[in-house]
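Q: Could we go through the charged contacts in this one, and then look at the surface?

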Amino acid sequence: QKIGFNYVASRQIFFLNANDSSFFESRLFKSDLKLLKNSGYEVIDSKEIKEEDIPRLLKLYRDLYIGKYSTLNPQFNEEYLHLALKHHVLHFKALKKEGRIDGVIAYVECSGKMYCPFFGYDRDLPKENSLYRILSTVLMCEAHERKLFFHQSSGASMFKKMRKAQDCIEYHAIYNKHLKISRRIPWIMLRSLYNTIGKIYMKRY
């Protein structure tokens with residue numbers, strides 16, 4: 001703002017400060033942990049994931065984030081996952097049972113913060129398997145163990161609020177003073193709309 005950028009509201013996101021131990025002592029989190037332990041899934045990490053597992057990981061991600069949600073989400077490919085595993089760009093955790101991987105997450109750790117850009121699970125399995133909840137618990141445990149500030153992204157607002165995640169509005173920082181007025185007007189209109197009515201809509205829905 002000091003150097004002339006404008007903020008345009010983008011989405012409502014959730015975060016959790018894993019240094020706050022009260023969350024991990026809650027009855028709900030203990031219930032999540034019990035579900036994880038009784039699920040029959042083995043939690044494996046990057047060292048235990050093999051190259052032949054990569055197509056499966058990619059399919060789980062694509063079925064959820066590309067197939068169900070939006071083709072505008074990052075279109076990862078097998079070459080990227082090979083590099084991410086080899087050079088530890090992402091920290092992988094996967095749920096394995098009877099030799100098959102049914103869920104996967106991969107997070108980034110940077111400057112005391114944690115982000116999860118890669119998340120997927122087998123949507124053909126019964127909802128009673130609670131794969132989303134189990135994977136979220138794995139992420140929470142990682143954040144707690146590493147004492148990280150966990151950026152939980154958007155979506156599943158009720159699920160996250162029940163687990164004491166705090167919400168806030170995330171913004172795009174836009175610099176357009178060098179542009180002609182005809183090109184700045186759309187940004188002015190977006191900022192006026194998104195920073196007022198848009199924020200109310202994001203928080204409510």
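A: Before the pairs themselves, the cut-off: a salt bridge here is a side-chain nitrogen of Lys or Arg within 4 Å of a carboxyl oxygen of Asp or Glu. Please keep in mind that this is a predicted model.

Q: OK, what does glutamate 142 form with lysine 93?
A: Glutamate 142 forms a salt bridge with lysine 93, with the closest N and O atoms 3.5 Å apart. Glutamate 142 belongs to helix α4 (residues 131-146) and lysine 93 to strand β3 (residues 91-97), so the pair ties together parts that are 49 residues apart in sequence.

Q: Buried or exposed, those two?
A: Glutamate 142 and lysine 93 are both buried, and for glutamate 142 the relative accessibility is 9%.

Q: And which side chain does arginine 146 meet?
A: Arginine 146 meets glutamate 142 in a salt bridge, at 3.5 Å from N to O, and both lie in helix α4, four residues apart, which is about one turn of the helix.

Q: How many salt bridges does the structure hold?
A: The structure holds ten, and one of them joins arginine 11 to glutamate 170, whose closest N and O atoms are 2.7 Å apart. That pair links distant parts of the chain, with arginine 11 in strand β1 (residues 6-17) and glutamate 170 in strand β7, 159 residues apart.

Q: Switching to the surface, which residues form a nonpolar patch?
A: Ile3, Phe5, Tyr7, Tyr171 and Tyr175 do, with about 480 Å² of accessible area together. Tyrosine 175 sits in the loop between β7 (166-174) and α6 (181-204).

Methods: Residues numbered from 1 in each chain as written. Predicted model: local features only at pLDDT ≥ 70, side-chain atom pairs only at ≥ 80, totals over all residues. Heavy atoms only, no water. Patch = residues over 30% accessible without salt bridge, like charges linked within 9 Å, V, L, I, M, F, W, Y side chains within 5 Å. Areas by Shrake-Rupley, 256 points an atom, 1.4 Å probe, with all protein chains shown as cover. Helix = DSSP H or I, 4+ residues; strand = E, 2+ residues; numbered from the N terminus. Buried < 20%, exposed > 50% of the residue type's maximum accessible area, 1.4 Å probe, protein only.
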